[in-house]
Amino acid sequence: MSTTGATADPLAALGSLPGLAESVESVRKAVDRVYGHRVMRRRSNEITSEAALRGARGSAALSGADWALEEVRRRSDFGADAEAMVMGAALRLTAEAGQLLSIWRQSPLRVLARLHLVAAATQGDEVGRPRQAGEPVDEPLLELPLPDAREVSGRLEGLADLIIAGTSAPALVTAAVVHGELLALRPFTSHNGLVARTAERIVLIGSGLDPKAVCPPEVGHAELGRASYLAALDGYASGTPEGMAAWIAHCGRAIELGARESTAVCEALQRGAA
């Protein structure tokens, strides 16, 4: 995403793209339905915990570890094989997200580095920092052209500047841009998809749209399917107004589906079935 031009708040300008006002309003209504449920008044911590588990499962599915929810509940060893390691990384990131909210607005690059460190769970020199020239990227499910390290550095700085400066854009727009930019850049040598989706979650929580983290967009992204996810990402990477609007709308639909999932959990708890 270019951050140059006459517009002082480019994220706010994106919010005026055709059709996005409807997406923003639809997301707000979906989120309000969850927060207005009577179960949320008494058992919100349970909904938050369940949303975290389901969100981690959805994010891992998009990175190649598509496990049943009950398998995620059952397993305790997440280092046995490649899929288990992806799932473990997704669970760790979900747990870490809430600890980084106070840092995000002041130092988003520090948060991203921390997320990569948590996801990778190793001590290699490449962990916890943007990739350098010549370093490979292990992200086999994303086939977009890979920007070089210099471009990555410049665009990360631009993204950080936008976040620190603040924006009047709806939370949906900011979250979608953060998510899309990190996927397009793949700034780390691994786990970029997991980090990007966690950053989207952090924006939604920190913005106040979903302060209790009960509307996991990862659930919706997984439900919409990897093919739809990657097609929408192609639109973001194109940089065209139509492509950007399609990506942001896709992210909005994912949040709505995450909200619907938690509404169903609330209903189940109310019936005494969960």
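Helix axes here are lines fitted to C-alpha atoms, over the stretch in contact, and the angles between them run from 0 to 180 degrees between N-to-C directions. The helices themselves are DSSP runs (H or I, at least four residues), numbered from the N terminus.

The model is predicted, so local features need pLDDT of at least 70 and side-chain atom pairs count only at pLDDT 80 or more, while totals for chains, interfaces and linings use all residues. Residues are numbered from 1 along each chain as its sequence is written, and side-chain values use heavy atoms, with hydrogens and water left out.

**First stop: α7 and α10**

Select residues 108-120, which are helix α7, together with residues 192-206, which are helix α10; the two pack at an angle of about 130°, with their axes 10 Å apart. They are therefore oblique to each other, a word for the angles left over once those under 35 degrees are called roughly parallel, those over 145 roughly antiparallel and those from 65 to 115 roughly perpendicular. Now show the side chains of Val-111, Leu-112, Leu-115 and His-116 on α7 and of Val-195, Thr-198, Ala-199 and Ile-202 on α10, which make the contact (heavy atoms within 4.5 Å).

**Second stop: α5**

Move to residues 82-97, helix α5, whose 16 residues reach 23 Å from the first C-alpha to the last, close to the 22 Å expected at 1.5 Å a residue (the expected span being 1.5 Å times one less than the number of residues). Among its buried residues are Val-86, Met-87 and Leu-93, where buried means under 20% relative accessible area, with a 1.4 Å probe and protein chains only. The buried residues of α5 pack against α3 (38-62), α4 (69-74), α6 (101-104), α7 and α10.

Select Val-31, which lies in helix α2 (residues 20-35) and is buried, with a relative accessible area of 1%. Leaving aside neighbours within four places in sequence, Val-31 is in contact with Leu-209, Cys-215, Ile-255 and Ala-259. Next select Thr-174 in helix α9 (residues 171-185), which is buried at 10% relative accessible area; not counting residues up to four places away in sequence, Thr-174 touches Leu-11, Thr-167, Ala-169 and Val-203.

**Last stop: two loops**

Most residues other than glycine have a negative phi. Ala-121, in the loop between α7 and α8 (149-165), has a positive phi near 55°. Finish at Ala-213, in the loop between α10 and α11 (217-224), where phi is also positive, at about 55°.

Key. Buried < 20%, exposed > 50% of the residue type's maximum accessible area, 1.4 Å probe, protein only.
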